[in-house]
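User: I have a structure open and would like to go through it piece by piece. Can you help me read it?

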Amino acid sequence: MPETDAYHIQIETDGDNGIPIYDIEFETDYGDYDFEVDIETGSIVGADYEVDEEWLDQLGGSAVTLDQARAVVQEKVPGADPEDIQLWEEDRDGRGRYEGEFFSGSMKYEFEIDSRTGIIFDWTADLRD
């Protein structure tokens, strides 16, 4: 994402699980983003983004199966064990999606993938409590 796409940028110091963090929030025309960065190491210890669904068709991509959706997640989190990724199909609003969650290392991940485009449009990664 080009830096010029971000606006309403807010950076605050905070803490998460006893770790001092920078809480970085910003918006784009196509979604909202929130990152938590460990002040001492620079590691991302939390991430949350949501792409507005009306942008999904404009962003392109191609339809994916359940197994292909699992591969999309594995690509995003290298080293993720495919057997640990819980994944199911939802069709609440007439637009198919895959929802899921898994744990990897010290992180818990939750996500939604658009079945028409293969795009992860809702992603949350947080340190386990």
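User: Let's start with Phe26. Is Phe26 buried or exposed?
Analyst: This is a predicted model, so every value here is computed from it. Phe26 is buried, because its relative accessible area is 12%, and the cut-off for buried is under 20%.

User: And what does Phe35 count as?
Analyst: Phe35 counts as partly exposed, with 22% relative accessibility.

User: How many aromatic pairs does the structure hold?
Analyst: There are nine aromatic pairs in the structure. One of them is formed by Phe26 and Phe35, with 6.2 Å centre to centre and 20° between the planes.

User: Why is that one called stacked?
Analyst: The angle between the planes of Phe26 and Phe35 is 20°, and planes under 30 degrees apart count as stacked.

User: What about Phe102 and Phe111, how do their rings sit?
Analyst: The ring centres of Phe102 and Phe111 are 6.3 Å apart and the planes are at 65°, so this pair is edge-to-face. Phe102 counts as buried at 2% relative accessibility. Phe111 is also buried, at 3%.

User: Back to Phe26 and Phe35. Which aromatic cluster are they in?
Analyst: Phe26 and Phe35 form one aromatic cluster together with Tyr33 and Tyr49.

User: Which ring does Lys76 lie over?
Analyst: Lys76 lies over the face of Trp123, at 5.1 Å from the ring centre.

User: New topic, strands. How many bridges join strand 3 to strand 4?
Analyst: Seven bridges join them, and the two strands run antiparallel. Strand 3 covers residues 31–38 and strand 4 covers residues 44–51. Asp34 stands opposite Asp48 in strand 4.

User: What is in the hairpin of strand 3 and strand 4?
Analyst: That hairpin has five residues between the strands, and Gly42 takes a positive phi near 80° there.

User: Which other strand is strand 4 joined to, and by how many bridges?
Analyst: Five bridges join strand 4 to strand 8, which is residues 120–127, and these two run antiparallel. Glu50 stands opposite Asp122 in strand 8.

User: How do strand 5 and strand 6 run?
Analyst: Strand 5 (residues 86–90) and strand 6 (residues 97–104) run antiparallel and are joined by five bridges. Glu89 stands opposite Tyr98 in strand 6. The hairpin of strand 5 and strand 6 has six residues between the strands, and in it Gly94 takes a positive phi near 85°.

User: OK, salt bridges. How many does a search of the whole structure find?
Analyst: The search finds three salt bridges. One of them is between the side chains of Arg97 and Glu53, at 3.5 Å, N to O.

User: Where do Arg97 and Glu53 lie?
Analyst: Arg97 lies in strand 6, and Glu53 lies in the loop between strand 4 and helix 1 (56–59), so the pair ties together parts that are 44 residues apart in sequence.

User: Is Arg97 buried or exposed?
Analyst: Arg97 counts as buried, at 5% relative accessibility. Glu53 counts as partly exposed, at 28%.

User: What about Arg97 and Glu112?
Analyst: The side chains of Arg97 and Glu112 meet in a salt bridge too, at 2.6 Å, N to O. This pair links distant parts of the chain, with Arg97 in strand 6 and Glu112 in strand 7 (residues 107–114), 15 residues apart. Both Arg97 and Glu112 are buried.

User: Which residues are linked in a network of salt bridges?
Analyst: Glu53, Arg97 and Glu112 are linked in a network of salt bridges.

User: How do Lys108 and Glu110 meet?
Analyst: The side chains of Lys108 and Glu110 meet in a salt bridge at 3.8 Å, N to O. Lys108 is partly exposed, with a relative accessible area of 29%. Glu110 counts as partly exposed as well, at 35% relative accessibility.

User: Last one, the surface. Which residues form a nonpolar patch there?
Analyst: Ile9, Ile11, Tyr22 and Ile39 form the patch, and together they have about 370 Å² of accessible area.

User: Where is Ile9, and what does it count as?
Analyst: Ile9 is in strand 1, residues 7–16. Ile9 counts as exposed, because its relative accessibility is 52% and exposed means over 50%.

How values were computed:
Residues are numbered from 1 along each chain as its sequence is written. This is a predicted model: local features need pLDDT of at least 70, side-chain atom pairs count only at pLDDT 80 or more; totals for chains, interfaces and linings use all residues. Side-chain values use heavy atoms; hydrogens and water are left out. Rings of Phe, Tyr and Trp (its six-membered ring) pair if their centres lie within 6.5 Å; planes under 30 degrees apart count as stacked, over 60 as edge-to-face and the rest as tilted. Buried means under 20% relative accessible area, exposed over 50%, partly exposed in between (1.4 Å probe, protein chains only). A charge sits over a ring if NZ of Lys or CZ of Arg is within 6 Å of the ring centre and within 35 degrees of the ring normal. Two strands pair if DSSP finds at least two bridges between them. Helices (H or I, at least four residues) and strands (E, at least two) are DSSP runs, numbered from the N terminus. Patches are made of residues with over 30% relative accessible area and no salt bridge: like charges are joined within 9 Å, nonpolar side chains (Val, Leu, Ile, Met, Phe, Trp, Tyr) within 5 Å. Accessible areas come from the Shrake-Rupley method with a 1.4 Å probe; for residues, only the protein chains shown count as cover. A salt bridge is a side-chain nitrogen of Lys or Arg within 4 Å of a carboxyl oxygen of Asp or Glu.
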